[in-house]
Amino acid sequence: VGLSFVAWSAMAAQPGNLGSTIGNNAAQKAKNQETNATRIQLMQFSYLDGDEDGKVTGNEAEFGFQSLYDRQNAGGKENMEQFELMLREKHPKGWEEFMDKWDKNEDEVVERHEYVKVMPRANSNEL
């Protein structure tokens, strides 16, 4: 006679059993996706932050987006990094759209904390 579903579920939920392994894999996958998204945001921000002071001014954003347009026009998308393409796609209207969207406190600069969204950990009380 086989195990009932309830008994199997209880057994699978025990540490080291299939249920907890599946749950751990899903949590790890979510954490990896959050980490990758943050990494991409940091790369995009660093690309635009020409003087590396942790702030993107309108001039820096304008220069960064113009460089993206020039590179894409000169060699196509195959000449661009994935994070650059994603930056262009996220802001199709260019640097002004970037500034309008991310300058939360309207001080005419986008600071790293305004752009890079650090995702809370899956087991955090902040969810």
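User: How are helices and strands assigned here?

Analyst: Helices (H or I, at least four residues) and strands (E, at least two) are DSSP runs, numbered from the N terminus. The model is predicted: local features need pLDDT of at least 70, side-chain atom pairs count only at pLDDT 80 or more, and totals for chains, interfaces and linings use all residues. Residues are numbered from 1 along each chain as its sequence is written, and side-chain values use heavy atoms, with hydrogens and water left out.

User: In what order do the elements run from the N terminus on?

Analyst: The order is α-α-β-α-α-α-β-α. That is six helices and two strands.

User: How do I read a positive phi?

Analyst: Most residues other than glycine have a negative phi. Glu 52 has a positive one, near 55°. Glu 52 sits in the loop between H2 and strand E1 (55-57). Glu 108 is also not a glycine, and its phi is positive at about 70°. Its loop lies between H5 and strand E2 (109-111).

User: Is Glu 52 buried or exposed? And Glu 108?

Analyst: Buried means under 20% relative accessible area, exposed over 50%, partly exposed in between (1.4 Å probe, protein chains only). Glu 52 is exposed, with a relative accessible area of 70%. Glu 108 counts as exposed at 64%. Over the protein, buried residues make up 31% of the 127 residues.

User: How do I read a nonpolar core?

Analyst: Take buried Ala, Val, Leu, Ile, Met, Phe, Trp, Tyr and Cys residues, joined through side-chain atoms within 4.5 Å. The largest such core has 16 residues. Those with the most contacts inside it are Val 56, Phe 65, Phe 98, Val 110 and Tyr 115. Helices H2 (18-48), H3 (58-75), H4 (82-90) and H5 (95-102) each give two or more residues to this core. H3 gives the largest share, four residues.

User: Which residues is Val 56 in contact with, leaving aside neighbours within four places in sequence?

Analyst: Contact means heavy atoms within 4.5 Å. Val 56 is in contact with Phe 45, Leu 48, Asp 49, Ala 61, Phe 98, Met 99, Val 109 and Val 110.

User: Which residues of H5 are buried?

Analyst: An α-helix has 3.6 residues a turn, so residues three or four places apart point the same way. In H5, the buried residues are Phe 98, Met 99 and Trp 102. Seen down the axis of H5, they fall within an arc of 95°, so they line one face of the helix. The arc is that of the directions from the helix axis to the C-beta atoms.
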